[in-house]
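Have the picture open while you read, and try to find each part as it comes up.

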Amino acid sequence: MKPFDPKSFHNILGNLLQDERVAEMKRFVQHGSITTYDHCRNVASISQRINRGLRLKANEDTLLKGAMLHDYFLYDWHDNPRDHNGWHGTAHAGVACRNAEKDFDIDSQTAHVIRSHMWPLNITSVPRSREAWIVCIADKLVSAQETIRHRR
Ligand SMILES: [Fe+2]
Ligand SMILES: [Fe+2]
């Protein structure tokens, strides 16, 4: 199995990548000069590599959709980090999950991936599936890389 497979990546995420509501994430900056959209796509891509490279056998549909929507909170958190249902760091996973449930027909496994990605900051939202663990770790790797490489 290839560590990164663009064909299966696009088979699973094609509709989301084209969706105009998902494209809204291009308007917001995540780290440095990286948009939230690119950040989510990077997390999805690294999640697939981790899953395949380490042969973790996570469900790729849940994994990639959860990764692509994990920061689907749809605001610029730099504007006012304390003003979005509490502090952005702890609040945004819940906001992203509610938005994703409202806009897309995600199942409970995918919702769990989104809701638990900020563990251990959200100490009670512990990842409880392979998919959730992979996205939680991939998000931290990608965030560190984006912050270090694309400092403004
Ligand atoms: Fe996040
Ligand atoms: Fe993230």
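A crossing of two helices is called right-handed if the near helix is turned clockwise from the far one by less than a right angle, and left-handed if anticlockwise. One more thing before we start: what you see is a predicted model.

## Helix α3 and its neighbours

Start with helix α3, which runs over residues 36–53. It has 18 residues and reaches 25 Å from its first C-alpha to its last, close to the 26 Å expected at 1.5 Å a residue. Which residues of α3 are buried? They are T36, Y37, H39, C40, R41, N42, V43, A44, I46, S47, Q48 and N51.

An α-helix has 3.6 residues a turn, so residues three or four places apart point the same way.

## Where α3 meets α7

Now look at α3 together with α7. Their axes are 9 Å apart, and the two helices pack at an angle of about 125°. What does that angle make of the pair, in words? Angles from 65 to 115 degrees count as roughly perpendicular and those over 145 as roughly antiparallel, so α3 is oblique to α7. The crossing of α3 and α7 is right-handed, which is where the opening definition comes in handy.

On the α3 side, the contact is made by H39, N42, V43, I46, S47, I50 and N51. On the α7 side, I134, V135, A138, D139, L141, V142 and E146 take part. Sorted by class, the residues of this contact between α3 and α7 are eight nonpolar, four polar and two charged.

## Where α1 meets α4

Next, turn to α1 and α4. The axes of these helices come within 10 Å and cross at roughly 45°. That makes α1 oblique to α4, and the crossing of α1 and α4 is right-handed.

Who touches whom? From α1 come S8, F9, I12, L13 and L16, and they meet E60, D61, L64, K65 and M68 in α4. By class, the contact of α1 with α4 has six nonpolar, one polar and three charged residues.

## Where α5 meets α6

Helix α5 covers residues 88–103, and helix α6 covers residues 108–115. They pack at an angle of about 155°, with their axes 8 Å apart. Angles over 145 degrees count as roughly antiparallel, so that is the label for α5 and α6. In passing α6, α5 makes a right-handed crossing.

The contact uses A93, G94, A96, C97, A100 and E101 of α5, along with A111, I114 and R115 of α6. The residues of the contact of α5 with α6 divide into six nonpolar, one polar and two charged. As for α6 itself, its buried residues are T110, H112, V113, I114 and R115. What covers those buried residues of α6 includes α4, α5 and α7.

Stay with α5 for a moment and find H88, which lies in this helix. H88 is partly exposed, with 19 other C-beta atoms within 10 Å. That falls just under the cut-off, because a residue needs 20 or more to be buried. H88 and F73 are 15 residues apart in sequence, and their C-alpha atoms are 9.7 Å apart in space.

After α3 comes R55, whose phi is positive, near 50°. K57 lies in the loop between α3 and α4, and its phi is near 60°, a positive value in a residue other than glycine. Is K57 buried or exposed? With 9 C-beta neighbours inside 10 Å, K57 counts as exposed, because the limit for exposed is 12 or fewer.

L74 is found in the loop between α4 and α5. L74 has a positive phi too, about 65°, although it is not a glycine. With 18 other C-beta atoms within 10 Å, L74 is partly exposed.

Where does the cis peptide bond sit? It joins W119 and P120, with omega at about 5°. P120 has its place in the loop between α6 and α7.

Technical notes. Residues numbered from 1 in each chain as written. Chains lettered and ligands numbered in written order. Predicted model: local features only at pLDDT ≥ 70, side-chain atom pairs only at ≥ 80, totals over all residues. Axes fitted to C-alpha atoms, helices over the stretch in contact; angles between N-to-C directions. Helix = DSSP H or I, 4+ residues; strand = E, 2+ residues; numbered from the N terminus. Parallel < 35°, antiparallel > 145°, perpendicular 65-115°, else oblique. Contact = placed C-beta atoms within 7 Å. Nonpolar A, V, L, I, M, F, W, Y, C, P; charged D, E, K, R; others polar. Expected span 1.5 Å × (residues − 1).
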